[in-house]
Amino acid sequence: MGDLRIIKGFAENQGRLEIYYKGEWGTVCDNNVEDVDAEVACRQLGYCSGLMRPAHKVADCIGTIWLNHLNCSGSEGNLLNCTYNHDISPCRHYHDVGFHCFLNCSSEDEGGLRITDGVTENQGRLETYYKAEWGTVCDNGFQNVNAAVACRQLGYCLGQMIPAVRVNDGQGTIWLNDVNCSGSESQLLDCTYTIDTSHCRHSEDVGIHCFLICSTEDEGIIQ
């Protein structure tokens with residue numbers, strides 16, 4: 001009892017969360033579910049970290065809804081060790097919560113980066129850890145050179161920008177605006193930027209696509 005599975009959406013590591021309870025697989029209501037709950041569930045599934053995916057981004061299930069008002073501290077080793085209740089009377093399957101799990105641990109250092117909510121782990125919305133909170137980056141003035149710096153910081157070789165129109169909207173704080181890198185920086189916060197994001201909306205959250213393979217300038221040379 002208490003086994004978990006993700007019914008995959010775009011990839012095996014993201015989709016609707018289901019729990020095996022009383023001999024039957026069922027879902028979890030998204031009331032009060034937060035990223036800390038995703039962290040616990042994803043660790044139980046063998047991943048390193050995770051994020052909640054709101055119900056409107058998750059395919060509806062059928063059958064039993066098992067848990068409501070899930071509330072984890074973050075230290076639990078099993079989702080059933082968190083607090084919850086079985087009063088699912090306010091819940092419907094369009095409230096089924098989803099999680100996005102990551103094999104790589106996100107950096108909790110100031111200026112740490114992560115890619116989330118994409119089709120694969122190396123492309124999606126760019127988020128930065130700033131003032132003890134994860135938030136997004138506005139696409140105003142954002143260019144491929146900025147993506148290259150961000151991708152190198154994340155351990156990749158190359159990167160390119162994904163326009164906001166092709167990126168799922170984030171939530172919470174928008175931290176950076178008008179990011180401008182020269183290309184030689186080792187991390188995104190070494191570039192110039194402003195924290196005046198008053199004109200930014202989550203519809204302008206920038207994305208990046210990172211690559212492990214570096215291109216070579218020798219390609220096509222004949223000797």
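Author: The link of Cys151 and Cys210 is left-handed, with -80° about the S-S bond. Cys151 lies in helix H2 (residues 144–153) and Cys210 in strand S14 (residues 207–211), so this pair ties together parts 59 residues apart in sequence. Helices (H or I, at least four residues) and strands (E, at least two) are DSSP runs, numbered from the N terminus. This is a predicted model: local features need pLDDT of at least 70, side-chain atom pairs count only at pLDDT 80 or more, and totals for chains, interfaces and linings use all residues. Residues are numbered from 1 along each chain as its sequence is written, and side-chain values use heavy atoms, leaving out hydrogens and water.

The S to S distance in the Cys151–Cys210 disulfide is 1.9 Å. A disulfide here means two cysteine sulfur atoms within 2.5 Å. Both Cys151 and Cys210 are buried. Buried means under 20% relative accessible area, exposed over 50%, partly exposed in between (1.4 Å probe, protein chains only).

The structure has six disulfides. Another joins Cys42 to Cys101, with sulfur atoms 1.9 Å apart. That link is left-handed too, at -80° about the S-S bond. Cys42 sits in helix H1 and Cys101 in strand S7, so the pair ties parts 59 residues apart in sequence.

Now turn to Cys181 and Cys191. Their link is right-handed, with 100° about the S-S bond. Both lie in the loop between strand S12 (174–180) and strand S13 (192–194), so the pair ties parts 10 residues apart in sequence.

What about Cys61? Its sulfur is 13 Å from the closest cysteine sulfur, in Cys29, too far for a bond. At 15% relative accessibility, Cys61 counts as buried.
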